[in-house]
Amino acid sequence: ESTAVVVVAAGSGERLGYGMPKAKVPLGGEAILTHALRGVASADIARQICVAIPEGDQELRALCEEFRQETGEDGPLISVVDGGSTRADSVRAALGKVLDGTRSVLVHDAARALTPDRVFQRVAAALSSGAKAVIPAMPVVDTVKTVTDTVGDDAGIAPEIVTGTAPREQLRAVQTPQGFDFGTLVRAHAAAEQFDDSQAAAITDDAMLVELLGIPVHAVRGASQSLKITTPLDLIIAESLLEGPLG
Ligand code: C5P
């Protein structure tokens with residue numbers, strides 16, 4: 001069965017504070033993107049990997065080329081594409097490179113550079129069993145509340161006021177790789193292209209676009225090593241994971 005993995009690596013990485021795209025930031029001496037690509041190849045589920053990088057970034061393009069040489073002729077086909085200004089734009093750009101005849105696509109954040117093989121395999125297995133959409137998910141440890149900005153007098157006390165408490169046992173923190181039937185994902189992203197700016201800004205993963213089509217999204221177990229490296233603290237955790245027993 002033919003599976004492609006889209007790796008989105010076109011983000012700016014501002015929150016990490018390195019002054020360079022996050023995919024280039026070193027982790028254990030190698031770029032975050034290199035770790036992410038190795039993770040995908042090691043799971044051994046893809047015949048093709050499509051990488052979205054910041055537009056015109058020659059360094060990241062060269063890094064993909066190095067990875068292509070590392071995996072050799074027996075490795076997956078590596079396609080590189082310029083990403084867009086939002087994550088969804090980057091996914092759409094990469095989907096344009098997916099080979100004809102592909103049945104399933106996994107979309108993975110380069111920032112989740114340490115995702116273990118078993119998570120890729122759980123997602124791929126659920127797709128093989130007939131699911132059209134599969135996401136890795138983790139229970140939530142914090143209590144999660146909704147808030148609004150305060151107006152008037154209350155603004156003097158605190159900037160936000162709580163409007164509700166979500167039932168924690170029903171909540172999941174969602175990771176990548178998210179897996180889809182290829183046709184379904186293309187349809188979901190085509191629908192999202194019509195969104196206005198505020199709707200587009202509210203897209204934070206691919207599965208939510210499939211949910212809007214009314215197609216069931218299945219959740220399998222994720223992994224804590226799949227953390228999305230976003231802040232300096234995350235980078236410290238990722239370095240420790242690499243050095244420790246989980247590395
Ligand atoms: O910004 P966020 O943390 O949601 O980014 C998640 C992933 O999406 C990252 O791996 C980032 O590189 C990617 N991304 C992208 N194109 C964008 C924005 C984010 O490929 N325009």
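Visitor: Is the crossing of α3 and α5 left-handed or right-handed?

Guide: First, some ground rules. This is a predicted model, where local features need pLDDT of at least 70, side-chain atom pairs count only at pLDDT 80 or more, and totals for chains, interfaces and linings use all residues. Residues are numbered from 1 along each chain as its sequence is written. A crossing is left-handed if the near helix is turned anticlockwise from the far one by less than a right angle, and right-handed if clockwise. The crossing of α3 and α5 is left-handed.

Visitor: At what angle do the axes of α3 and α5 cross?

Guide: Helices (H or I, at least four residues) and strands (E, at least two) are DSSP runs, numbered from the N terminus. Axes are lines fitted to C-alpha atoms, for helices over the stretch in contact, with angles from 0 to 180 degrees between N-to-C directions. For α3 (residues 87-95) and α5 (residues 182-192), the axes cross at roughly 135 degrees and come within 11 Å. Angles under 35 degrees count as roughly parallel, over 145 as roughly antiparallel, 65 to 115 as roughly perpendicular and the rest as oblique. So α3 and α5 are oblique to each other.

Visitor: How do β8 and β9 pair?

Guide: Two strands pair if DSSP finds at least two bridges between them. Here β8 (residues 145-149) and β9 are antiparallel, over five bridges, and Lys145 sits opposite Thr165 in β9.

Visitor: How many of the six residues in β9 are buried?

Guide: Buried means 20 or more other C-beta atoms within 10 Å of a residue's own, exposed 12 or fewer, and partly exposed in between, with C-beta atoms placed from the backbone. For β9 (residues 160-165) the count of buried residues is zero.

Visitor: What about phi of Asp44?

Guide: Most residues other than glycine have a negative phi, and most peptide bonds are trans. Asp44, though, has a positive phi, near 60 degrees. Its place is in the loop between α1 (32-43) and β4 (48-53), and Asp44 is exposed because it has 12 other C-beta atoms within 10 Å.

Visitor: And which residues does a cis peptide bond join?

Guide: Thr176 and Pro177, with omega about 5 degrees. Pro177 is found in the loop between β10 (172-174) and β11 (178-181).

Visitor: Is Ile236 buried or exposed?

Guide: Ile236, in helix α8 (residues 232-243), counts as exposed, with 11 C-beta neighbours inside 10 Å. Ile236 and Leu27 are 209 residues apart in sequence and 9.1 Å apart in space, C-alpha to C-alpha.
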